[in-house]
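Colleague: I am new to this structure. Could you please take me through it?

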Amino acid sequence: MGTISKYKILSQAKENFSRAEYKNALDKFAQVLQNDPDSKEAFNGVILSEMAMSGEEGAEALFDYYEILRVEDKEEADAIMSEILESMDGTLEKLSEVFAEPLRNRLEFEEGILYSDFQKILDEGGDFVETFENIMFSTRVIITNKEDFLDFLDKLIEHDFAQMALTYLENALSVYPGDKLLRKLLKKLAQGKNIEN
């Protein structure tokens, strides 16, 4: 299996997973794993697909979280997801605890702020542009779910951070090429601003 077909199959597997076609996703992730036993992305995909097929409610959230992490840093995302999956022992009952603790620890090491904390500052009357610029120069915003990511992109577009929003959107669309909400945001961005190719 060549590199191109490996990435094509992984992309199809993710698309299947996003459409809740977990059996197809599992088959494709397994196909990649068979040819590349060291592929952590395929390995994690197999486990998440199996979890989703067995009705584990948090599997989709975990998959979204993984994809968002991969946009930032693929290797770190693979390591974090492997840790989470190992610590879960096939059950998602303690999903929120599993998310919260490692994330809080990461925040301390990486000097990051959770999007929910960033949102609280805004809810308390903080100006988006001022708050975001202060955070951007001293730390970074860590986003852990798709809804927050979409909300963040929407705010970036709304407050004229067009180039930054475009970069995030391009990365996200490479992971979710058929995502309607991402495409809608891209359209909104294109209508509002002239951005160089």
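**Overview of the chain**

Modeller: The secondary structure of the chain comprises 11 helices and two strands, where helices (H or I, at least four residues) and strands (E, at least two) are DSSP runs numbered from the N terminus. This is a predicted model, in which local features need pLDDT of at least 70, side-chain atom pairs count only at pLDDT 80 or more, and totals for chains, interfaces and linings use all residues. Residues are numbered from 1 along each chain as its sequence is written, and side-chain values use heavy atoms, with hydrogens and water left out.

Colleague: What pattern does the chain follow along the sequence?

Modeller: The pattern reads α-α-α-α-α-α-β-α-α-β-α-α-α.

Colleague: At what angle do helix α7 and helix α9 pack?

Modeller: Helix α7 (residues 115–123) and helix α9 (residues 146–158) pack at about 45°, and their axes are 11 Å apart. Axes are lines fitted to C-alpha atoms, for helices over the stretch in contact, and angles run from 0 to 180 degrees between N-to-C directions.

Colleague: Which residues make the contact?

Modeller: From α7 there are Y115, Q119 and L122, and from α9 there are D148, D151, F152 and K155; contact means heavy atoms within 4.5 Å.

Colleague: Changing topic, what share of the residues counts as buried?

Modeller: Of the chain's 197 residues, 43% are buried, meaning under 20% relative accessible area (1.4 Å probe, protein chains only).

Colleague: And what about contacts across the sequence?

Modeller: Of the contacts in the chain between residues at least 6 apart in sequence, 59% link residues at least 24 apart.

Definitions and conventions
Buried means under 20% relative accessible area, exposed over 50%, partly exposed in between (1.4 Å probe, protein chains only).
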